[in-house]
Amino acid sequence: MNSLPFAYLIPIFLIALYLILKKKKVAIEPLTDVDKKILDDYVGYYHNLDSTDKLKFEQKVAAFFSAVKIEAVGLEMTTLDELLIASSAVIPIFGFDDWQYKNLTSVLLYPDTFNKDFQFDGGERNIMGMVGTGYMNGQMILSRSALRHGFSKSAGKENTAIHEFVHLLDKSDGATDGVPENLLAHEYTLPWVKMMHEEIARIEDNKSDINPYAITNEAEFFAVVSEYFFEKPELLKDKHPELYFQLSRIFAQQPAR
């Protein structure tokens, strides 16, 4: 009989502990004026937003910093690097109110390209970014040279960091297959797959301006055309109006002005 009150206390204690831990969240530090100036100078996507959307973008960047650890490997991290990484994460999910990268815990920034063994010295280094799998699951690796190039005026339709974050969006439904089921209504899945295969055939026939790396597989096609969508939206809309429309539906935004 005397043991009953104690037995009742155990679930009460566990519930109280859960509520305490749930409330214990990492504080989100707002961006400084210096941060905002860097965004305006280096991130064309942010520069083109109106004041209301700029504030929204800044809040999403701050939230990303509070949720994901960014670490430097073999280099000294700068504020610019951190802001470009966060911007790469925010741009694809800007159209969603409360998206979080639940499949990402940290981003590792390397000085330059690296190989399959994650070495960034010596020859045979051609990887600019990757989403980790296996024991590297939950991590992303980016090359700083590729990261910065993606936000330069000479990058054209390419942005490696955006490419990798689109892979994460694709992966969020459990499969990195070019079909982001969490973002695309079921009735649009088959038309999207059909469109991917038709455009891949055009690329193979040298009848498309889309980066040939897109023919690697459906996942790479989705990531490559997403780079194009965010970096050169007006051109994509002009040359590939149906593809632009489908990507606008997937990302819930219209970047073309």
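## Pairing of S1 and S2

Glu71 has Leu108 in S2 as its bridge partner, and Ala72 stands opposite Leu109 of S2. Strand S1 (residues 69–72) and strand S2 (residues 106–110) run parallel and are joined by four bridges. Strands (E, at least two residues) and helices (H or I, at least four) are DSSP runs numbered from the N terminus. Between S1 and S2 the chain passes through helix H5 (residues 79–93), giving a β-α-β crossover that is left-handed. A crossover counts as right-handed if, with the strands pointing away from the viewer, the path from the first strand over the helix to the second runs clockwise.

The model is predicted: local features need pLDDT of at least 70 and side-chain atom pairs count only at pLDDT 80 or more, while totals for chains, interfaces and linings use all residues. Residues are numbered from 1 along each chain as its sequence is written, and side-chain values use heavy atoms, with hydrogens and water left out.

Four strands form an open sheet in the order S1-S2-S4-S3, with mixed pairing; two strands pair if DSSP finds at least two bridges between them. S1 and strand S3 (129–131) are the edge strands, each pairing on one side only. From one strand to the next, the twist averages 15 degrees.

H5 lies across S1, S2 and strand S4 (139–143), and runs at about 130 degrees to S2. Axes are lines fitted to C-alpha atoms, for helices over the stretch in contact, and angles run from 0 to 180 degrees between N-to-C directions.

## H2 against H5

Helix H2 (residues 33–42) packs on H5 at an angle of about 65 degrees, the axes being 10 Å apart. H2 is therefore roughly perpendicular to H5 (65 to 115 degrees; under 35 is roughly parallel, over 145 roughly antiparallel, and the rest oblique). The crossing is right-handed, meaning that the near helix is turned clockwise from the far one by less than a right angle.

Asp35, Ile38, Leu39 and Tyr42 of H2 make the contact (heavy atoms within 4.5 Å) with Thr79, Leu80, Leu83, Leu84 and Ser87 of H5. By class, this contact has six nonpolar, two polar and one charged residues. Ala, Val, Leu, Ile, Met, Phe, Trp, Tyr, Cys and Pro count as nonpolar, Asp, Glu, Lys and Arg as charged, and the others, Gly among them, as polar.

## H7 against H9

The axes of helix H7 (residues 160–171) and helix H9 (residues 218–231) come within 9 Å and cross at roughly 130 degrees, which makes H7 oblique to H9. Their crossing is right-handed.
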